[in-house]
Amino acid sequence: MLDRDTVYNISNQWEQAPFHGLCRFLAANEDQAAIIEIPSSEKNPMTAKTYRGPVIVSLTELVHQIRINNVTKADYDHPEVGTDGLSDSCRRIWEARKRIIANIPQSDEILFDQQVMLKWIQTQAKEHAHSERNLRRILYGYLAGGRTPLALVPSYRNCGGNEQRPGTARRGKKSSSGRTKFKLTRPEIKDLNRKGINKYLLHQKASLRHAYVQSLKEFFRRPDTDPAATRLEDILISEERRPSLGQFCYEYKRMINEGLVRRHIPGYARPREVEHERRGKATDHVPGPGFRFEIDATKLQIQLVSQYDRTKLIGAPSLYILVDVWSSAIVGYCLSIENFSWTMAAAALRNAFEEKISIFRRLTLPYTDKDWPCHHLPTFLTADRAELVSNKSGNVPKIGINVQICPPYRGDMKGTIEEKFNEIKNKRGVKLAGEYPKFRVRGEKDGKDDAVLTLFELEQILVEIILDLNSQAVHHARIPSEMVARGETDVSRIGLYTWGIEHKPGYTRTMTEQEVLYGLLTPGWGFVSREGIKFNRNLYRLQPGLPRALLGRSNTSMKVEVRLNEHDVSFIYFNNRLTNKWEQATSAYVNKPISAYEFDNYLEMKAALIDASSLEREHQKAERNRKIRKIQKDAITATANARMGTKTRKGKEAIRENRIIEKLVMRQQVETEPIDTAPQKTIADTSTRNDQSVKNPSVAEISARLWGKR
């Protein structure tokens, strides 16, 4: 009933509410719920004073207020829909905030215990050199924004850099004693400080003070002095012309924040090793359904035939599935003859998010949503180092799903989904036609002779298998004691998932349509022109007048961010900067669903047809030219015979008279020609016509009479 990070509107009817207006549900425990207020658009969303949360309310009271419609779901889209237009300064701030939030505990204890939150804020403030107030503001903005990286984007655009310019006054807090003599600014000593840090600190086991002294002796020593002098002040230049220890330490912190790693640390014989978590069960630290899904792909060892021609083989299909770790229920899938790709993984995520009634209707199966009530997205998504580490999958974390990538060759870290593949392939109880072993030995068939199933029929069978596996009873260790206490009898995987959604809410996620388009489709860049959007050798038409509005006064093309479903390139979605929404554009070349691979083949086929037509035209053209030359040659011969012994009159008056006679002959010929309006002619009609005694005069006879009258 309650989905994690769902936006609600608290009306004034709830008199005991901590506040009224938009809020975001964060998490729930046994009897409490954590919510946070979403600032109104009139306020600055990154000012700490605009927040009142997180606020702890009674979970029972919150559910009651939702049921009586005092608290209703609200349509709310985060003002930041992308990060492509961020300036360099904004991007640095954004990356720094992400590094801070990356250390937030995975448990929800930080939301319900103020002491835990305060301790985390103090720890991060010391580690990242931020004030506690600034850390609290970042944390509250992250929670109110839906716990996505987009919530950490600075609320201002095109901000300038914060680097100090040369020639400006010295920054920083003034000395309380007033005895400091250091007057150099950071731009004047930045390069020398960095050289000293690189030479004496990053690559040596030295303390900050030791590296500072060595740097002073090399770069700020008076000429003609002995570095081995007894006193340091005897060889250094005056304090006004050298950096302070604070400036040296500040530059070191800046370099560490930029990603530099100190190779040698004082007090350690070797670099400190990363502590690995102890091994345990897959359900350890998984409090409820939707907390973590696992996704993976496999090849099904089944030969398929074409649905258009069953005599044609199309090979083995690819399968993606998603499994809820807490209940071990399969929540989504994608079956295709395409190769493993991010497009298939995104389709599986969309399948897990959508209600399954559309699948049952498309496959003509007699089931309802109650048979497969899975239409949620997880908080964490565990995958291996495949499609989810590609550049196309970069939008998944931006929609709030935390992707956990397993190390190579560690299938045991996602053993739940590996077991599901084993059950789908080997424990279904029915041998399918066209099936063959994964590792064939000599003499075993490859399934090509027995192939009879199409992709549609295999998908019907797959859904039946998934429903059967979901109805399997879970291990007794997975059954919560509260479920038994409430008298629940359905202890199957899907029954446990359904019970957990209602009684252990707060871990699943929902998305708006705009978030689905942004996060679960293949990203790309197209070009807007007067004709439409040009993308991947395709032209997509826009609404009339929209290209001109997007281009403005520019007569050239403009880049635009697009989202594409590679299984259907008949349309794309583009980011309309005028409305700040993702809108659809249809292809001008194809009007039916077609994949990107099929579209490339389609263009190549059309190019081959054009080439063949051009060659055929050249062939026919040579034959026509021969006929034209023959007609012209016969005309030359006939004209020469007709002009024999006759002088041709070339004057305008003669040409005019000849044209008049030519027109009269043509008109008389048209008038004397019989018009046959009958649809068909019979043999009897033809013979009767040939026996007529009256014959029509020929053109030569008509011409002779006219010339004779002349």
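Reader: Is the crossing in which α6 passes α7 left-handed or right-handed?
Author: In this predicted model, helices (H or I, at least four residues) and strands (E, at least two) are DSSP runs, numbered from the N terminus. A crossing is left-handed if the near helix is turned anticlockwise from the far one by less than a right angle, and right-handed if it is turned clockwise. For α6 passing α7, the crossing is right-handed.

Reader: Which residues in α7 meet α6?
Author: Residues are numbered from 1 along each chain as its sequence is written, and side-chain values use heavy atoms, with hydrogens and water left out. Because the model is predicted, local features need pLDDT of at least 70 and side-chain atom pairs count only at pLDDT 80 or more, while totals for chains, interfaces and linings use all residues. With contact meaning heavy atoms within 4.5 Å, L192, K195, G196, K199 and Y200 in α6 meet, in α7, the residues A211, Q214, S215, E218 and F219.

Reader: Which residues of α8 make the contact with α7?
Author: The axes of α7 and helix α8 (residues 245-257) come within 10 Å and cross at roughly 110°, so α7 is roughly perpendicular to α8. On the α7 side the contact is made by L208, R209, A211, Y212 and S215, and on the α8 side by L245, F248, C249 and Y252.

Reader: Is Q247 buried or exposed?
Author: Q247 has its place in helix α8. Buried means under 20% relative accessible area, exposed over 50%, and partly exposed in between (1.4 Å probe, protein chains only). Since its relative accessibility is 14%, Q247 counts as buried.

Reader: Is D224 buried or exposed?
Author: D224 lies in the loop between α7 and α8, and although D224 is not a glycine, it has a positive phi of about 60°. Because its relative accessibility is 83%, D224 counts as exposed.

Reader: How many residues of helix α14 are buried?
Author: What covers the buried residues of α14 includes β6, β9, β10, α11, α12 and α13. Among the buried residues are I494, L496 and W499. Helix α14 (residues 493-503) is mostly covered, and of its eleven residues the number buried is eight.

Reader: How far apart are the end C-alpha atoms of residues 605-632?
Author: An unreviewed UniProt entry places the feature "coiled-coil region" at residues 605-632; such positions are given in the numbering used here, feature names are shortened, and annotations may be inferred rather than shown by experiment. Over residues 605-632 the chain is 100% helix and 0% strand, and the distance between the end C-alpha atoms is 40 Å.

Notes: Axes fitted to C-alpha atoms, helices over the stretch in contact; angles between N-to-C directions. Parallel < 35°, antiparallel > 145°, perpendicular 65-115°, else oblique.
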